[in-house]
Amino acid sequence: RDRLRQYDPEIFEAILGEERRQQTELELIPSENYTYPEVLAALGTVFTNKYSEGYPGNRYYGGQTYTDVIERLATARARELFRAEHANVQALSGAAMNQVVYYGLLQPGDAILAMDLTHGGHLTHGSPVSHMSRVFDFHRYRTDADGRVDFDEVRRIAGEVRPKLVLCGHSSYPRELDYAGFKRVADEVGALTMADVSHVGGLIAGGALPNPLDAGFDVVTTTTHKSLRGPRGGLVLSKAEFGKRIDKSVFPGLQGGPHMHTIAAIAVALKKAAEPEFREYAARTLANAQALAGRLIEHGAELVTGGTDNHLIVVNTVASFGLQGREAQQALEEAGLATNKQLIPDDPLSAQRTSGVRLGTPAPTTRGMGEAEMVAVADLFVRAVRGKDDADEVKAVRAEVQQLCARFPAPGPISAAKS
Ligand code: PLP
């Protein structure tokens, strides 16, 4: 660190600033987390120097003794943790991991049935603005008036378009998914099944939510940096019969050299996720979401679907506080609470404005916060949005957020953050 400080003070200062921000603000964005110091240590290593195209025992470059060790460990840990017959750990991100599946198991032009982005799905599930939507024929199911997956609609569209792949998974759906229900629809039309569990991957690993592989899904993808608390990356978990096609789809299909420093860090995070403490973490993340949602409802907030079964909460800020999501996000940020503006089902506002914000409990739970703190956070949330035009109130809320954060430090290089 000293060498970086001396050589490139601008970058060093920005890193320190971000460390300080993460310590003194409360991260409530449900897709973010604070990773382990051990993961950060594994990321910053000489593995970044190494090319290792191919797979353990079969690479296109020499010098692979240690890359093979870490990749074998990472894949074995992923298989064991998720009860998967096959695991690929090389995808560079969540977007890449999903493309790997589409290209590996389907032909261009094939129909895919996935959740609508504005109803909780993800950009990489064939949103019209994504490149994938030009390659594959995506069709979208939406949620019903209560904000829940509408299986009648899923079945109706599946019957009409006969998709090759039924895809479920979300980035802002606060309810449990009925994997068996999706599998039934897919079986009826002879489609493969894929679940992108990026948001809840850690909660599945920790045994707090069901695993789609247990319901007979063909492929499960998950990012490694959300509730799983690892570095940024993606896992593709599948039945053995798809393993070769998935591996070829990652390399040489989509990517070149894997990022071995990241794979080392993924291996560390997977080891952590197999510890008994991680099961507790997953359970506490859910209990905290219940406490946070319950208190927001007591304050009169309107939540999409009326609550949550997982780690995330979508607040309709227009209905609750007369504020667009963008304004609410801004007010919360000024008070030290990081959230993100979020479209709600059939949102009349644009993605830049939105009618809601999304928040979640993976990061505060990592800080060690419990249900009592979630009640306090809900109170601060409501004060921040209601008092956004009162400078004294904003200052007071921010001071309380900082005190709370100081009582529950985030894991990481804290000493540097204080310097
Ligand atoms: N899939 C889901 C469900 C996600 O929530 C995300 C990220 O927000 C991704 C895929 C994409 O991951 P990445 O940002 O690593 O490309």
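Visitor: What hand does the crossing of helix 14 and helix 16 have?

Guide: That crossing is right-handed. One thing to keep in mind as we go: this is a predicted model.

Visitor: And why are helix 14 and helix 16 called roughly perpendicular?

Guide: Start with the value: the axes of helix 14 (residues 325-334) and helix 16 (residues 371-386) cross at roughly 115°, coming within 8 Å. Angles of 65 to 115 degrees count as roughly perpendicular, and therefore helix 14 and helix 16 get that label.

Visitor: Which residues make the contact of helix 14 and helix 16?

Guide: Helix 14 brings Ala-328, Ala-331 and Leu-332, while helix 16 brings Phe-381, Ala-384 and Val-385. By class, that contact has six nonpolar residues, no polar ones and no charged ones.

Visitor: OK, next pair. What makes helix 7 roughly parallel to helix 8?

Guide: Helix 7 (residues 151-161) packs on helix 8 (residues 179-189) at an angle of about 20°, and their axes are 10 Å apart. The cut-off for roughly parallel is under 35 degrees, so helix 7 counts as roughly parallel to helix 8. Their crossing is right-handed.

Visitor: What does each helix put into the contact of helix 7 and helix 8?

Guide: From helix 7 you get Phe-151, Val-154, Arg-155, Ala-158 and Gly-159, and from helix 8 Gly-181, Val-185, Glu-188 and Val-189. Sorted by class, the residues of this contact are five nonpolar, two polar and two charged.

Visitor: How do helix 4 and helix 11 cross?

Guide: The axes of helix 4 and helix 11 (residues 260-273) cross at roughly 35° and come within 9 Å. This crossing is left-handed.

Visitor: Which residues should I click on for helix 4 and helix 11?

Guide: Among them are Ile-70, Leu-73, Ala-74 and Leu-81 of helix 4, and Ile-263, Ala-267 and Leu-270 of helix 11. The contact of helix 4 with helix 11 has 12 nonpolar, one polar and three charged residues.

Visitor: What kind of peptide bond joins Phe-251 and Pro-252?

Guide: A cis one, with omega about 10°. Most peptide bonds are trans. Pro-252 is in helix 10 (residues 243-254).

Visitor: Over to the ligand. Which residues come nearest to the ligand?

Guide: Ser-93, Gly-94, Ala-95, Ser-171 and Ser-198, out of the 14 residues around the ligand. Helix 5 (residues 94-105) gives the largest share of the shell, three residues.

Visitor: How does the shell around the ligand divide by class?

Guide: Into one nonpolar, 11 polar and two charged residues. Gly counts as polar there, by the way.

Visitor: Last one: what does the UniProt annotation cover?

Guide: An unreviewed UniProt entry annotates residues 4-379 as "domain: Serine hydroxymethyltransferase-like". In the model, that stretch is 44% helix and 15% strand, with its end C-alpha atoms 41 Å apart.

How values were computed:
Residues are numbered from 1 along each chain as its sequence is written. This is a predicted model: local features need pLDDT of at least 70, side-chain atom pairs count only at pLDDT 80 or more; totals for chains, interfaces and linings use all residues. Axes are lines fitted to C-alpha atoms, for helices over the stretch in contact, and angles run from 0 to 180 degrees between N-to-C directions. Helices (H or I, at least four residues) and strands (E, at least two) are DSSP runs, numbered from the N terminus. Angles under 35 degrees count as roughly parallel, over 145 as roughly antiparallel, 65 to 115 as roughly perpendicular and the rest as oblique. A crossing is left-handed if the near helix is turned anticlockwise from the far one by less than a right angle, and right-handed if clockwise. Two residues are in contact if their C-beta atoms, placed from the backbone, lie within 7 Å. A residue is near a molecule or strand if its C-beta atom, placed from the backbone, lies within 6 Å of it. UniProt positions are given in the numbering used here, feature names are shortened, and annotations may be inferred rather than shown by experiment.
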